[in-house]
Amino acid sequence: MNCLPYFCTGPIVKGFGRGSKELGCPTANVPLEVVQQLPDELQTGVYFGWASIENGDVHKAVLSIGWNPFYNNKEKSMEAHIIHKFDEDFYGKQMKLCICGYLRPETNFDSLDALKAAINEDIKNAKSQLDTEQFTNYKFNDYFKQ
Ligand code: ADP
Ligand code: RBF
Ligand code: MG
């Protein structure tokens, strides 16, 4: 995809409240306006990249962009699971993202367990991709500096 890496930012809003956190996979959601500004070439699907909160440390992340076929959402959404253990929630804070690469299309699953397993696989793939020379340098991009 020509538009990658793609840098964007937005405040963190309440998501669908489906208990992603309870699944061990909290996802920081951004407002619809931010989703609507994504370039058309950025097809829906699961991505890996880098993320920071309020210009803090830059962490690895997996992102889901689209309509979540498993839940049949009406609105397009973008949510990021940051691969880091935070001590508290950060609703309202500013998230910066560098979307680096595409992992797979969004799919429907037979069960929540199957979705969870796919997400765990995504996290594994994201970690190893972001450790490669092609993607590791974006962590230090000026975009993440104030
Ligand atoms: P919601 O439906 O409101 O998005 P989630 O269950 O997806 O709720 O939890 C998301 C919230 O959890 C985020 O907005 C953020 O404040 C918090 N959070 C804590 N740790 C993380 C993390 N590692 N990645 C993403 N969000 C996290
Ligand atoms: N939702 C889907 O319906 N299909 C998917 O393939 C899918 N993949 C995801 C991959 C990642 C890495 C993440 C963080 C979320 C994904 N989601 C997907 C969104 C998921 O349904 C949403 O985070 C729920 O809130 C989880 O309970
Ligand atoms: Mg969420």
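Helix H2 contributes the most to the shell around ligand 2 in this predicted model, supplying 3 residues. The shell around ligand 2 comprises 18 residues, of which Ser20, Phe70, Glu79, Arg104 and Thr107 come nearest.

Several side chains approach the oxygen atoms of ligand 2. A polar side-chain atom of Arg104 is 2.8 Å from an oxygen atom of the ligand, while an N or O atom in the side chain of Ser20 lies 2.9 Å from an oxygen atom of ligand 2. For Glu79, the separation between a side-chain N or O atom and a ligand 2 oxygen is 2.9 Å. Taken alone, ligand 2 exposes 550 Å², and the protein buries 99% of that area. The elements that give two or more residues to this shell are strand S4 (59–66) and helix H2 (112–130).

Backbone atoms take part in the contacts of ligand 1. A polar backbone atom of Gly15 is 2.8 Å from an oxygen atom of ligand 1, and one of Phe16 is 3.3 Å from a ligand 1 oxygen. The side chain of Ser20 has an N or O atom 3.4 Å from an oxygen atom of ligand 1. Of the 570 Å² that ligand 1 exposes when taken alone, the protein buries 94%.

Terms used. Residues numbered from 1 in each chain as written. Chains lettered and ligands numbered in written order. Predicted model: local features only at pLDDT ≥ 70, side-chain atom pairs only at ≥ 80, totals over all residues. Heavy atoms only, no water. Polar contact = N/O pair within 3.5 Å; in protein donor to acceptor, adjacent residues only side chain to side chain. Areas by Shrake-Rupley, 256 points an atom, 1.4 Å probe, with all protein chains shown as cover. Near = heavy atom within 4 Å. Helix = DSSP H or I, 4+ residues; strand = E, 2+ residues; numbered from the N terminus.
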